Amino acid sequence: MSAGGEGVLDLAVVGAGPAGLAAAAAAGERGLVTAVFDESPVAGGRLLGQLHPVPGGWWVGRAEAARLVAAVEDRPTVSLRLGAGVYAAAREEGGFRLHASVSPTPVRARSLLVATGATELPVPLPGWNLPGVITAGAAQTLANVWGVEVGRRSFVVGLSPLAFAVALELSAAGVPPAAIAPPAPGPALAHLGPPAAQWREALRLARLGPVWARPGAALLASPALRRALLPRLPRSGLPLLGSRLRLNVAVEAVVGRESAEGVRLRRLDGDGRPVGPAWHEAADAVLLAGGLRPVPDLLRALGARMATVEELGGEVPVVDPDGATTVPGLYAAGNALGVEGAAVAMAQGRRAALAVAARLGRADGRAQAEARAAVERARADAPFAFHAGVAEGHRRIAALWQEGGGGDGRAV
Amino acid sequence: MSRIVHPPSYPAAARPPRGRTVRFWFDDRAYEGVEGEPLAAALWAAGVRDLGRTEATGAPRGLYCAIGHCFECRVRVGDRPDRRACLEPVREGLRAYRQAPPPPLASGDRGAPA
Ligand SMILES: Cc1cc2nc3c(=O)[nH]c(=O)nc-3n(C[C@H](O)[C@H](O)[C@H](O)COP(=O)(O)OP(=O)(O)OC[C@H]3O[C@@H](n4cnc5c(N)ncnc54)[C@H](O)[C@@H]3O)c2cc1C
Ligand code: FES
């Protein structure tokens, strides 16, 4: 049976990001007949746009992705189907049936791995739907993946980890954003928390920032010092990553007629409340950085038991130590299990593939134990965490599984 | 707007591969793009922000997520409607169009007022 034929696959993987590609490579290594589907014409998922300095050079996601794709293409039992979005999936006798955008007939598989990654949370300010207003991740894709200049004077709104990652990347490319500032608080923005909570989030990352950011973070952690200091900072902010970090102003709206032309700003007091009159500044691109959440759709649709765990970024499946969900044969890996970096996603992908292989007698307990340990190691070595307490979040999922994960499809 | 000219310090492995320059059309105007890059990236590089109109109000819409999640970038490619411009690769001679807004939705379908 070939991976391209009409037979039943041992494993179907949805998503060719780091998790899905690493899973496919491991499945191929064990001889499993596997197909990986991605709706993008390019393999690599969010890995493609990632880039960060490491001691002695740069860690380049594009190069990691190329390495993973080569490992997949090396395996005769694995096929990579790009431009193939999986828009429906169902359970059937002995496995799953998938509908992909390019296949006239459904694809059948005994096991299914969902590796659909994460998506960005919205920052729905007035004017956010004007052309020229994009997510921070979209800027990462335009600039890092395609080499397209995002703007001459771009404005990042939001203090999520991705805001700083993108500022660093644009800066390395010689096109830093003009400014980074939080959004003004509003009823539609409750999911982001008030500015004071966003400051805390940003300050959690300060140890990665310039020298002034570390003592600065310690000072701002105290509300009394914050009230004294923030009003004294210049309205134009402090230099950061070739940009200006503006903690004491907030973006109230994006303005423009047919596309974004600028932002409307207000001063923030030391408690994060907008004060004083508004003013406008020019911006030819506005980058919304609301943060990330896992994409749960396929897992939920297939009846996996789900749980909402804040430390993991939102709704995730209840899984066993390999990423098996409560639906027999259905696995998850990568950011579908919680928002983390690509190294963790790869290790989770391999771990799930080996669990599938073990069920077919193609992997032993030792290989599985190594694959599980690799996930923990990658987590411990991560340069930063998208959400504080990720390890704790995974422990909560493990506890939910222990309590009786077998109950297929129940919400918690 | 344009293409990034990377400084020498930018890591070589991170530079986008240099593809062939191709010509394509958007609403009957010719543009140049790099073969294989998404239509939305080529249009952004050409300074085009407005990719269509929303059904709800007729207001302009453009690129938002750039990775296929939001469907804000829908355009017609040849005779295929609702193609996501952020996933559709540019190729020589491609013809894409802003979609004519369909008839307005019944008021109950519009969601919250803007
Ligand atoms: C916009 C964005 C930016 C990020 N930036 C960073 C960063 O700078 N640094 C960092 O450490 N982490 C970043 N992350 C976190 C990122 O999710 C992980 O680093 C890692 O890429 C997760 O790998 P994954 O394989 O789980 O998912 P992804 O890399 O997201 O891959 C998922 C793949 O699944 C495909 N897919 C989804 N649904 C379907 C479907 N129904 N049918 C077919 N294909 C589908 C997608 O096209 C995508 O290629 C970012 C995440 C997002 C969303
Ligand atoms: S910009 Fe979001 S789907 Fe294309």
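Chain A and chain B bury about 3,200 Å² between them, and carbon and sulfur atoms give 62% of that area. Three residues of chain A stand out here. Glu39(A), Pro131(A) and Trp146(A) supply 16% of the area that chain A buries against chain B, more than any other three residues. The model is predicted, so every value in this text is computed from predicted coordinates.

Stay with this interface. Chain A puts 43 residues into the contact, and chain B puts in 37. Polar links cross it as well. The rule finds 10 residue pairs in polar contact between chain A and chain B, with both partners at pLDDT 80 or more. Several elements of chain A take part. Which element gives the most? It is α3(A), with 7 residues on the side of chain A that touches chain B. By class, that side of chain A has 23 nonpolar, 12 polar and 8 charged residues.

Now the charged pairs across the interface. How many salt bridges are counted between chain A and chain B? The count is 2. One salt bridge joins the side chains of Glu39(A) and Arg84(B), at 2.9 Å from N to O. Glu39(A) is also one of the three residues named above for buried area.

Next, look at chain B by itself. Chain B has 1 helix and 7 strands. From the N terminus on, its elements run β-β-α-β-β-β-β-β. Chain B has 114 residues, and 44% of them count as buried. Take the contacts in chain B with a separation of 6 or more: residues 24 or more positions apart account for 44% of these.

Chain B also holds a salt bridge of its own. The side chains of Arg83(B) and Glu88(B) meet at 3.0 Å, N to O. Are these two partners buried or exposed? Arg83(B) is partly exposed, with a relative accessible area of 30%. Glu88(B) counts as buried, because its relative accessibility is 5%.

Turn to chain A and its domains. The domain assignment gives domain 1 (8-120 + 292-403) and domain 2 (133-288). Domain 1 is therefore written as two segments, 8-120 and 292-403. The C-alpha centres of domain 1 and domain 2 of chain A lie 32 Å apart. Their contact takes 16 residues from domain 1 of chain A and 19 residues from domain 2 of chain A.

How much area is buried between these two domains? It is about 1,300 Å², and carbon and sulfur atoms give 59% of it. Gly49(A), Glu120(A) and Phe384(A) supply 34% of the area that domain 1 of chain A buries against domain 2 of chain A, more than any other three residues. The rule does find 7 residue pairs in polar contact across their interface, with both residues at pLDDT 80 or more. The side of domain 1 of chain A that touches domain 2 of chain A has 11 nonpolar, 3 polar and 2 charged residues.

Salt bridges do occur elsewhere. Over all chains the count comes to 37. One of them pairs Arg108(A) with Glu92(A), with the closest N and O atoms 2.7 Å apart. Arg108(A) lies in strand β8 (residues 107-114) and Glu92(A) in strand β6 (residues 86-92), so the pair ties together parts of chain A that are 16 residues apart in sequence. Arg108(A) counts as partly exposed, at 33% relative accessibility. Glu92(A) also counts as partly exposed, at 23%.

A further salt bridge joins Asp269(A) to Arg273(A), with the closest N and O atoms 3.2 Å apart. Asp269(A) is buried, with a relative accessible area of 17%. Arg273(A) counts as partly exposed, at 49% relative accessibility.

Notes
Residues are numbered from 1 along each chain as its sequence is written. Chains are lettered from A and ligands numbered from 1 in the order in which they are written. This is a predicted model: local features need pLDDT of at least 70, side-chain atom pairs count only at pLDDT 80 or more; totals for chains, interfaces and linings use all residues. Side-chain values use heavy atoms; hydrogens and water are left out. Contact means heavy atoms within 4.5 Å. Buried area is the accessible area (1.4 Å probe) that two parts lose on being put together, summed over both. A polar contact is a pair of N or O atoms within 3.5 Å; within protein, one must be able to donate a hydrogen and the other to accept it, and residues adjacent in sequence count only if both atoms are side-chain atoms. Ala, Val, Leu, Ile, Met, Phe, Trp, Tyr, Cys and Pro count as nonpolar, Asp, Glu, Lys and Arg as charged, and the others, Gly among them, as polar. A salt bridge is a side-chain nitrogen of Lys or Arg within 4 Å of a carboxyl oxygen of Asp or Glu. Helices (H or I, at least four residues) and strands (E, at least two) are DSSP runs, numbered from the N terminus. Buried means under 20% relative accessible area, exposed over 50%, partly exposed in between (1.4 Å probe, protein chains only).
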